[in-house]
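I opened this notebook page to record what I looked up in one protein model.

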Amino acid sequence: MVRSLRIGAAQLGPIARDTGRDEVVDRLVALMRQGSDAGCQLVAFPELALTTFFPRWYLDDVPEELDSYYETEMPGPQTQRLFDEAQSLGVGFYLGYAELTSDGQRYNSSVLVERDGSIVGRYRKVHLPGHEEHEPDRPFQHLERRYFEEGPDGFSVWEAFDGIIGMALCNDRRWPETYRVMALQGVEMVLIGYNTPLHYAPDPSQNPLQSFHNRLVMQAGAYQNGTWVIGVAKGGVEEGVESLAQSMIIAPSGQVVAEAETTDDELVVADCDLDWCKHYKDTLFDFNRYRRPEMYNLITQPKSEL
Ligand code: CDT
């Protein structure tokens with residue numbers, strides 16, 4: 001039997017600073033229903049999908065605003081609706097959100113939810129880009145390294161949706177290790193939500209290459225690891241900052257099979273044959289046969305020893 005998973009990459013347009021959770025959840029539910037109507041079993045939302053991308057502001061003067069962007073429960077009172085909708089539609093979802101734990105730790109996290117509304121797995125972002133301190137000379141901040149801790153759990157995979165599914169978030173997609181660690185656990189589909197401003201303050205020469213780099217890293221990650229990759233953006237101009245849209249669904253061949261046409265809320269749908277992964281995992285990228293891990297020692301050396 002063919003293991004075909006119909007996925008909806010549920011791209012979001014901008015979320016304004018003063019937009020409440022209820023309004024955002026309305027938009028997410030609308031996309032889930034659209035996914036259900038299109039026959040999707042799984043709908044994937046972006047990184048930090050419940051709020052505006054708040055790391056663009058230095059918020060030390062307004063700590064209550066900063067705290068308001070985090071979820072202390074998942075599901076919580078305002079997100080329960082998503083889980084109820086998943087169960088009633090029979091559509092699973094992947095959702096990025098800011099997590100504040102009961103111990104006071106803050107992570108840039110995601111959750112994978114099955115079609116019955118049960119949580120399959122949680123992920124805390126490993127690669128945190130940006131900076132820790134206020135840099136007023138930038139046109140906007142990227143304070144992920146101030147507002148989140150580095151995820152301590154690494155990259156896992158989960159048996160779900162009749163396949164092997166992994167999660168990553170935004171900057172993770174630029175690092176080959178992200179895909180490879182999951183591929184070594186047999187991953188067949190990697191879900192990646194992102195918020196990527198077009199302007200990169202440390203080196204603006206990269207600005208015109210954002211779209212190219214987005215394709216480059218996700219297509220390479222898919223092909224080199226024989227896996228589906230689902231990239232889902234929060235795009236468009238949000239609070240004056242333009243972010244890349246270009247959500248896409250990439251096959252294990254590295255080919256883009258579906259891509260967003262807008263920079264707004266949009267569902268990008270494709271049928272993903274999970275057995276397509278075998279073509280690559282059992283041939284050119286037969287890891288057991290061809291990898292030479294004893295040649296790759298430097299990759300796992302602590303940074304300080306290099
Ligand atoms: N959210 C996120 O990780 N964004 C980064 C922006 C570049 S680093 C300032 C990214 O890798 O797309």
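The entries below go from the whole chain to single pairs of residues.

**Entry 1. Overall build.** I worked from a predicted model. I listed the secondary structure and found eight helices and 14 strands. I then looked up the radius of gyration, which is 19 Å; the globule rule gives 19 Å for 306 residues, so the protein is as compact as a globular protein of that length. Along the principal axes, the C-alpha trace spans about 55 × 50 × 40 Å.

Entry 2. Among contacts with a separation of 6 or more, 69% join residues 24 or more positions apart. The accessible surface comes to about 13,600 Å², and carbon and sulfur atoms hold 48% of that area.

**Entry 3. Charges.** I recorded 27 positive and 48 negative side chains. The centres of these two sets lie 5 Å apart. Side chains of opposite charge can pair when their charged atoms come close. I therefore looked for salt bridges, taking a nitrogen-to-oxygen cut-off of 4 Å, and the count came to 24.

**Entry 4. Arg-146 and Asp-60.** Which parts of the chain does this pair tie together? I found a salt bridge between the two side chains, at 2.8 Å from N to O. Arg-146 belongs to helix 4 (residues 144-147), while Asp-60 sits in the loop between strand 2 (42-44) and helix 2 (63-68), so the pair links parts that are 86 residues apart in sequence. Arg-146 is partly exposed, at 28% relative accessible area, and Asp-60 is partly exposed as well, at 35%.

**Entry 5. Arg-145 and Glu-132.** I next examined Arg-145, which forms a salt bridge with Glu-132; their closest N and O atoms are 2.8 Å apart. Arg-145 lies in helix 4 and Glu-132 in the loop between strand 5 (119-124) and helix 4, so the parts tied together are 13 residues apart in sequence. I read a relative accessible area of 29% for Arg-145 and 36% for Glu-132; Arg-145 is thus partly exposed, and Glu-132 is partly exposed.

**Entry 6. Lys-234 and Glu-238.** Is Lys-234 buried or exposed? I found that Lys-234 counts as buried, at 1% relative accessibility. Its salt-bridge partner is Glu-238, with the closest N and O atoms 2.7 Å apart. Glu-238 is buried too, with a relative accessible area of 3%.

**Entry 7. A network.** Lastly, I noted a network of salt bridges that links Arg-3, Glu-188, Asp-275 and Lys-278.

Technical notes. Residues are numbered from 1 along each chain as its sequence is written. This is a predicted model: local features need pLDDT of at least 70, side-chain atom pairs count only at pLDDT 80 or more; totals for chains, interfaces and linings use all residues. Side-chain values use heavy atoms; hydrogens and water are left out. Helices (H or I, at least four residues) and strands (E, at least two) are DSSP runs, numbered from the N terminus. The radius of gyration is taken over C-alpha atoms; the globule rule is 2.2 Å times the number of residues to the power 0.38. Contact means heavy atoms within 4.5 Å. Accessible areas come from the Shrake-Rupley method with a 1.4 Å probe; for residues, only the protein chains shown count as cover. Lys and Arg count as positive and Asp and Glu as negative; His and the chain ends are not counted. The place of a charge is taken as NZ of Lys, CZ of Arg, CG of Asp or CD of Glu. Buried means under 20% relative accessible area, exposed over 50%, partly exposed in between (1.4 Å probe, protein chains only).
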